[in-house]
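Here are a few friendly notes to read alongside the model. Please keep the structure open as you go.

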Amino acid sequence: MRMIEAVRAAITEEMERDERVLVMGEDVGRKGGVFGATDGLYAKFGEARVLDTPLAESGIVGVAIGAALNGLIPIAEIQFADFIHPAFDQIVSEAARTRYRSNGDWSVPIVIRAPFGGGVHGGLYHSQSVEAFYAHVPGLKVVVPSMPADAKGLLKSAIRDPDPVLFLEHKKVYRLVAEEVPDGDHLVPIGPAVVRREGVKLSCFAWGLMTHYCLQAAEQLAADGTSVEVVDLRCLAPLDRDTILESVRKTGKAMIVHEDNITGGFGAEIAAIISEHAFDSLDGPVVRIAGPDIPAMPFNTPQEEFFMPNPVKIAEAMRKLAAY
Amino acid sequence: MPLPPRVRCPKPDTYRSLAPEVQSTEAVTARASDNGPQPHTLLALYQVMVMARAIERRLWVLDHLEPPHAVGRSLWPPHPVGRSLWPPHPVGRSQPGREATRLGVGGPTLVVAGFEAVQAAAAAALRIGHDWVVPCHLDLALCLAAGLSPLDVMLAVFGRAADRASAGRQSPGAFGSRAGRIVMTSATAGRSVVQAAGIAYASKVSGRDEVTLVCSDERGVQSGDWHEGINFAGAHGLPLICLVEDLAGAQPLAQSSYGSPAARAEGYGLASETIDGGDFAAALAAFERAVDRARSSGGPTLIHASVVDLTSIGPDGGMRPAEELEALASQDPIDRMRRGLQGAGLLDAAADDDVQRECARVVAAAVEEASTAPSPDVASALDNVFSRV
């Protein structure tokens, strides 16, 4: 099963399990979503639970918040993460803060799904990575699966979570890989990272598409006899610090790879955690491989390739760090 | 609205008759018939209005008692002391802190005089505890009528641990009670309208006959979320009432367009009414029509209520002349309500004195209790970021 089908399976099963669950967003109903994540749900569950909304992202999230306050469990789809910015205020100032500002009296159990990431010729407005904006916000969980089984299990956990969850799905991963996905109530807890490949020479931390690219790069280095550990973080908030630090203490070297531009990207937070808590274990600088500090990813092929980390760039950086 | 025949005025010996734990929906919203509220309901609502005013007055006094060393600590700028009966206006009309000022206890207070009648009328038309109230910072009287007590308000003003709405986290004016279905909102006008539309959508698709009332001031109607919210409500025919409490008639906003909120609402498919927000009976009739429409699947309504500005600083930032203040005072919605009750034989001077004294006593007691209540301990600042589940 591919990730897009895993996402659809998670939503379908949760809607069958709990009639309070509904999906809403632009073109999620009759069209079934631009990527097909909600394909068939309109026919199966009807208009009231598979709601086509106006093209107004703040309204989508705001309505979802209200529906959650009144007992429903909305899954709001933002068609592309690039379009989530009008909803920043509703997500940050409202959804993420409601439990805190009411001292636990109110809560907002919503999931906001958003396809993100580049490498698909999406250009400036269909390629962005937005995780750093939101992982900064206490009260909000940020989940970024890289594998189909995780996508299903984490999405089901997100739907059942009593707090707001931003669920970022890399659009290039939707149909990139396939794997066995457990039937039925397959739940993956929100928080723990997973070591995708064990290694001893250096630790590589990634999420989304970059997990796959890091695994490919690690495979190249293995051919040279260099053993690289690849950790798929899966969740940025809450962040599994223990797994990160344990890996660094084992290998002594750390690399973070993300598509988002480098300055203020989430890799900076991971680097800070490592330098603060595993300084004595480090045997080299903490390295970040990330997009350049330009406003967004260009549409044209050479510049898109310039922007995106890829297995070649990552492998080169790995060799350099391993040799440090 | 024909008022009921003369009845003996109940002695307002305790404000707790409207407090959440003893307040019944019937006490506030029951009807003797389709002709209007029962006399005791009208008197209770009058008492709510007087109580709201008494709270606001008390906050101004507390503010003026601010010790010199505390001046400048507050977020809010200083303001001139009013020379009139009415509180001075704290800051300029167009500034975001219009409703707020310094408070001796260290926080902004509420400036809500003039809004009491339309809010009491809104509460009277709703089924409190069943319907949803999404208030804004102006809605002190509405929230008192919907179940908050003066002590609740004061505990929030003083930022105390016992503040049931937020344990002293939110600034005063962020009313809330999940048990009372009073939705705590943030500090930005208009943002909550999309959330209210979501609440109403949930009521509709769940097959429940709940009505949602969402309130904003005249500035809120200019925000994008306000438009997205009423567009959604209109598109889905939601059981939503959007109240716009508008002081702009007194001091028009330079930034606003010419279209009235009612006209804009009609463009989005809402029914709309424009009312005198100081006229309790007219406001009640409008809200009853809107509630009936919402509960019978007739869709949303916008009620645009003009509200008299009773503050002593005029649009130009200067003090209003005495004669202007007197003219404004003649439009005071509490006085109008009082005259209506007196004219109907429901209230005499002695009973009104009792109401005034009782409200003053309850507010003083609330201030005393809140001012001596403990603040939250520092460690609790880390609580309730996420669920503990």
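1. The buried residues of helix 7 of chain A are A:Pro148, A:Asp150, A:Ala151, A:Lys152, A:Gly153, A:Leu154, A:Leu155, A:Lys156, A:Ser157, A:Ala158 and A:Ile159. Buried means 20 or more other C-beta atoms, placed from the backbone, within 10 Å of the residue's own. Helices are DSSP runs of H or I with at least four residues, and strands are E runs of at least two, numbered from the N terminus.

2. Please bear in mind that this is a predicted model: local features need pLDDT of at least 70, and side-chain atom pairs count only at pLDDT 80 or more, while totals for chains, interfaces and linings use all residues. Residues are numbered from 1 along each chain as its sequence is written, and chains are lettered from A in the order in which they are written.

3. What covers helix 7 of chain A? Its buried residues are covered by elements including helix 1 (3–17), strand 1 (21–25) and strand 6 (165–170) of chain A.

4. Chain A is divided into domain 1 (3–170) and domain 2 (194–322), with bounds from an automatic or database domain assignment. In chain A, 23 residues of domain 1 are in contact with 24 residues of domain 2; contact means C-beta atoms, placed from the backbone, within 7 Å. Helix 6 (131–135), strand 5, helix 7 and strand 6 of chain A each give two or more residues to the domain 1 side.

5. In chain B, the buried residues of helix 12 are B:Val355, B:Cys359, B:Val362, B:Val363, B:Ala366, B:Val367 and B:Ala370.

Conventions
Buried ≥ 20, exposed ≤ 12 C-beta atoms within 10 Å, placed from the backbone. Contact = placed C-beta atoms within 7 Å.
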